[in-house]
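Biologist: Please take one part of this model and describe it closely, with the cut-offs behind each term.

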Amino acid sequence: MSTGIAARVEEHLAVFKRGATDLIDEVQLRAMLERSLSERRPLRVKYGMDPSSPDLHVGHAIPLLKLRDLQELGHQIVLIIGDSTAMVGDPSGRNKLRPQLTREEVEVNLVTYTDQAAKILDMERTEIRRNSEWFNAMTFEDVLLLLARMTVAQMIERDTFQKRMQENEPIGIHEFLYPLMQAWDSVQVRCDAELGGTDQLFNLLVGRKLQEQEGQAPQVCLTTPLINGLDGRKMSKSYGNAITLTDGARTMFFAVMRLDDASMGTWFTQLTRLPDDEVRTLLAGHPREAKARLAEELTSFFHDREAARAARAAFDREVRDRQLPAEIPERPWPGAPGDTLPLANLLKDIGLTSTTSEARRTIQQGGVRLDGTVVRDPVQLIAAPVAPLLVQVGKKRVARVVPR
RNA sequence: GGGGAGAUUCCCGAGUGGCCAAAGGGGUCAGACUGUAAAUCUGAUGGUUCCGCCUUCACAGGUUCGAAUCCUGUUCUCCCCA
């Protein structure tokens, strides 16, 4: 082996390892890379996504970004669209039984999923496989044989199942099938390595086991951290604490600015590719500057530099300087032209609050301003405006009521 | 197959005949503070024509002046025994 290859092995290894939580195992990966680079045969790196909810969030972007790095090194990415596994539901990191999706729901999600993944990966160079390709071809006997590869004891060793049993939460028998299915994907695509979140480690290891049983070299398992959402809990669409890849530039930027300081380091490492020393300098400086930079990097990546700058300008203006936004949505007066409306009803009618009760509460708490003046009486009658009336609810909601 | 426990408001979780729109915590919203946050403090948190009325405590009936609370049936979950 030439010294040139040895250096490149180290280079590739560093990319694999950067920000990773588990690597099983490094010795094996090094050997794979040596062979791969000397034989000029890219490694097949698998990643599976189940189209189980319509939107991907930045947490999903972490492994995808890692895949992109590997893709840029010339390795072959194999993206598994888990259209069959989605109907089972991955029990990983779940303390509850997942609702089972129908074929129709899966198909709808699938389209948006690949579109979103395309924001990160070069899909031209990505091998995309649906796992229904092989699962739909299996007979009941095939399924039995697959199930027979593991024992219940091995399965319930998993901490998620342990926890559920302790908490008397249900565990569906079909959930036992999930790790085996994911592992079977690895056998089918003959991958050299599989990437997943830290909660996937068990499933990834089952892949190694099955590949060995099938006479294949066991895959290297690589996990990336799961990140917390904006409220500190695990990021999840259902908690409403996620930043999704489909969020607009402004929404995305503003959301990142709400992140707690302590998480910034992880976010920089996992979601940006800024050099380490630059990140260190940023983190040592003013937290707001660092966070703004983080937000700008993320927004630029998922949208573009221009949109990110605009979002930052809007943030500075509206939040930092407490100025009105440049664009204020206009709402036509909802009543008859010469009419009057109680303030609470007006707020609901123009959509600034979802119910009149919410409007009343907010008004009574001093959260509503008309032309900049706090109004505390929810039944105060508002006359149809002759000139635009500026209505603000809290810090974020604003509209201009215009005559019609 | 037998026995036991349970299903509560967005989530978790109290409540076992009237004082229950239902404790407490989380989340969320509003206000204060601030660096944009976080943390902290205050208040709010089913709807509404808002000191009244309507809807809500798995579902369907029933008892009662009155039920989340009692009874019957149904659905779902957990535990133990076989």
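**The second largest pocket and its surroundings**

Modeller: The lining of the second largest pocket consists of nine nonpolar, four polar and nine charged residues, where Ala, Val, Leu, Ile, Met, Phe, Trp, Tyr, Cys and Pro count as nonpolar, Asp, Glu, Lys and Arg as charged, and the others, Gly among them, as polar. This is a predicted model, in which local features need pLDDT of at least 70 and side-chain atom pairs count only at pLDDT 80 or more, while totals for chains, interfaces and linings use all residues. Residues are numbered from 1 along each chain as its sequence is written, chains are lettered from A and ligands numbered from 1 in the order in which they are written, and side-chain values use heavy atoms, with hydrogens and water left out.

A pocket here is an open set of points on a 1 Å grid over the protein atoms alone, where a 1.4 Å probe fits and protein lies on both sides within 12 Å along at least five of seven lines; lining residues have an atom within 4 Å of a point. The second largest pocket holds about 820 Å³ of space, a volume being the space filled by probe spheres set on the points, which are joined across faces, edges and corners. Of its 22 lining residues, F254, E318, V319, K395 and K396 lie nearest the centre.

At least two lining residues come from each of α11 (249-257), α15 and β13 (397-402), with α11 giving the most, four residues; helices (H or I, at least four residues) and strands (E, at least two) are DSSP runs numbered from the N terminus. Domain 2 (249-320) and domain 3 (330-402) each contribute at least three residues to this lining, the domain bounds coming from an automatic or database domain assignment.

Turning to the RNA, α15 (305-320) also supplies at least two residues of the surface near RNA strand B, as do α14 (287-302) and α17 (356-364), and the largest share, five residues, is that of α17.
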